[in-house]
Amino acid sequence: MGMSQRRRLVAPLAVLGVMGLALAGCAEGGSGSGGSGSGSDAGKGETVRISGGITGTEAEDLNASFEKFTKDTGIKVEYTGDKSFEGNIVTKVNGGDAPDIAIVPQPGLLKTLVETGKVKTAPEAVSKAVDENWSKDWKTYGTFDGKFYAAPMLANLKGYIWYQPAKFKEWGVEVPKTWDELLTLTKTIQEKTSTTPWCAGFASGEASGWPGTDWVEDLVLRQAGPEVYDKWAAGDVKFTDPEIAKAFDAVGSILKDPAYTNAGFGDVKSINSTAFGDVAAKVADGSCALTHQASFLSANFLDVKNAAGATPTVAPDGDVYAFLLPGMKAGELQVEGGGEFVTGFSDSAATVKVLEFMASPEFADARVKLGGVISANKKADPTLASSEFLQEAMKTLQDEKTTFRFDASDLMPSTVGSGSFWKGMVDWIDGKETPTVLSDIQAGYAN
C-alpha cells in the first residue's frame, strides 16, 4: 500500500506501525469468551487489548483517552504499539494471535485482514454511530462486499501549501482561491524576488517519491473530480489515461520548471536528494516561499529555527502557516487525506463496548483534547484541538461541503501504490518523459 502519513513522519498527526502485544494465554485477545451484552455491567472487570502502530507519546495519549471510559464501565483497555504492525498483523491473525481490536492505518490492509475471515462485522451500534457521525466516504472505506467492518478513528489532511504570512504581506499578495490564482501567485513571487518560490523534497529512503504521489493525487481530485479519482484508485482508470497525464502536467508546471523550483536546495533534480521534512527549515528561514506538504509538517517546525533564530510559530499571524491547495473553481473544497480504522476480532461484551466508545464523539473529544491530532467525527468539538491550525483542519474534515477522499496510493496494490508509483515520481523528476513514466507506473499492476 502507499505509505500512510503516519509512517512518513513521526509527528502529532503521524506514525503508523505494528504493535507487539503481551499475549494472554495463546492469543493476544484478552477479553475472553464471545457474546456481546447490553447491560450496564456487561464486560466489567475484563481487559480489552488493542493492537496498532501508534507509538511513543501518541500511544500514551491513546491509552489516556480511555481513563474515563474505564472509570465508567470497569473495562480496562490496554493499547500497545510497535513499528512492525503493518508487516506482522496478518501473520499474527492467521496464527491465532489476533488482538481484541486492531487500529488499521490503510483500507488496503483492512481488506487483507477481512479476507482472513477472522474480522468480526461491526456491531450494529457502531454502524449506526458511523452513519450519524461521519460522511459516507468514511464508511465506504470500512465496508467490503456489502458488509461493514471498521469505524474510522483519527484523520489527517494532505495538500497544504506552507508559507510565511509576513512575506505575503510584504509582497502584497493573498492566499489564492483557485489553481490558476496559485500559478499567478507563483509567477508574482518569482518576479518580485528573482528567486525560485517553491521547494520540495522526495527523499525518504526506500519510500522516496511518495511526496510526489501526494501532489498528483491532489491534482487528479481537483481537476478530474472524485468519480475519476475513485476509479483511478480502484485501478479502473489507468495511469496512461489523459486525465492522469493532465494531473502530471499540472504538477510539472511547478515542480519541473527551473524558474520555480527548488528554492534553497538547488535545481529541479535536487528534489530527489532533498529529504521530505527538510523543506520546513527553508520555509522557516524565508529561503523558500512555498512548499506542498501534509498537515503533519506543522510538527517539523518545532525542530527548526526561523530567520531570527527562534522556533517558528504556526499561526495565521505567526511565522509560518498553511492553506489548502485550491481547486479549479473558487469555493471548491476537495481534499485527500488519511486516517485509521478500528476493527474487532472478538465479539465479547467488553470488546463491543470499547468499539462503541471509539466510534463516539466522546472518544474523539478525549483524544483530540490531549493534543496533536484531529478527528473527522462531525459531532466532535474542533475547539479542543491543540492549535488553531489543527482546529481549522478538523473543521474542514467536518464540513458538509468538503469532498474527502482517502490517499489513492494507499488504496492501490502495493506493487503500484508503494512500488511503481513512488519510483515513477523519482524517475519523472530525474527527467524521464511523462508518457514513459505513466506506462512504467501502470506496469506495476502486472507484478
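Student: Where is Tyr149 found?
Tutor: In this predicted model, Tyr149 is found in the loop between strand S5 and strand S6 (150-157). Helices (H or I, at least four residues) and strands (E, at least two) are DSSP runs, numbered from the N terminus.

Student: And is Tyr149 buried or exposed?
Tutor: Tyr149 counts as buried, because its relative accessibility is 11%. Buried here means under 20% relative accessible area, exposed means over 50%, and partly exposed is what falls in between, with a 1.4 Å probe and protein chains only.

Student: What is Tyr149 in contact with, leaving aside its neighbours within four places in sequence?
Tutor: With those neighbours left aside, Tyr149 is in contact (heavy atoms within 4.5 Å) with Val114, Val119, Lys120, Thr121, Ala122, Gly142, Phe144, Val342 and Thr343.

Student: OK, switching to Leu355: where is its place?
Tutor: Leu355 sits in helix H15 (residues 349-358), and Leu355 is buried, because its relative accessible area is 7%. Not counting residues up to four places away in sequence, Leu355 touches Ile101, Pro123, Val126, Val342, Thr343 and Gly344.

Student: How many Å apart in space are Leu355 and Leu333, C-alpha to C-alpha?
Tutor: Leu355 and Leu333 are 31 Å apart in space, C-alpha to C-alpha, although 22 residues separate them in sequence.

Student: Before I go on, what are the ground rules for the numbers?
Tutor: Since this is a predicted model, local features need pLDDT of at least 70 and side-chain atom pairs count only at pLDDT 80 or more, while totals for chains, interfaces and linings use all residues. Residues are numbered from 1 along each chain as its sequence is written, and side-chain values use heavy atoms, with hydrogens and water left out.

Student: Fine. How many aromatic pairs does the structure hold?
Tutor: The structure holds 27 aromatic pairs. One of them, Phe248 with Trp428, is edge-to-face, at 5.3 Å centre to centre and with 85° between the planes. This pair links distant parts of the chain, with Phe248 in helix H12 and Trp428 in helix H19 (residues 414-429), 180 residues apart. For the terms, rings of Phe, Tyr and Trp (its six-membered ring) pair if their centres lie within 6.5 Å, and planes under 30 degrees apart count as stacked, over 60 as edge-to-face and the rest as tilted.

Student: Are Phe248 and Trp428 buried or exposed?
Tutor: Both Phe248 and Trp428 are buried.

Student: And which residues do ring pairs link into a cluster?
Tutor: Ring pairs link Trp138, Tyr141, Phe341, Phe404 and Phe406 into a cluster.

Student: New topic, the backbone: what is the phi of Asp145?
Tutor: Asp145 has a positive phi of about 50°, although this residue is not a glycine. The place of Asp145 is in the loop between strand S4 (143-144) and strand S5 (147-148), and Asp145 counts as exposed, because its relative accessibility is 82%.

Student: What about Ser194?
Tutor: Ser194 is not a glycine either, yet has a positive phi of about 60°. Ser194 lies in the loop between helix H9 (179-193) and helix H10 (210-224), and counts as exposed, because its relative accessibility is 62%.

Student: Last one, how many helices and strands are there in the protein?
Tutor: The protein has 20 helices and eleven strands, and buried residues make up 58% of its 447 residues. The C-alpha atoms fill a box of roughly 70 × 50 × 35 Å, taken along the principal axes. Of the contacts with a separation of 6 or more, 75% are between residues 24 or more positions apart.
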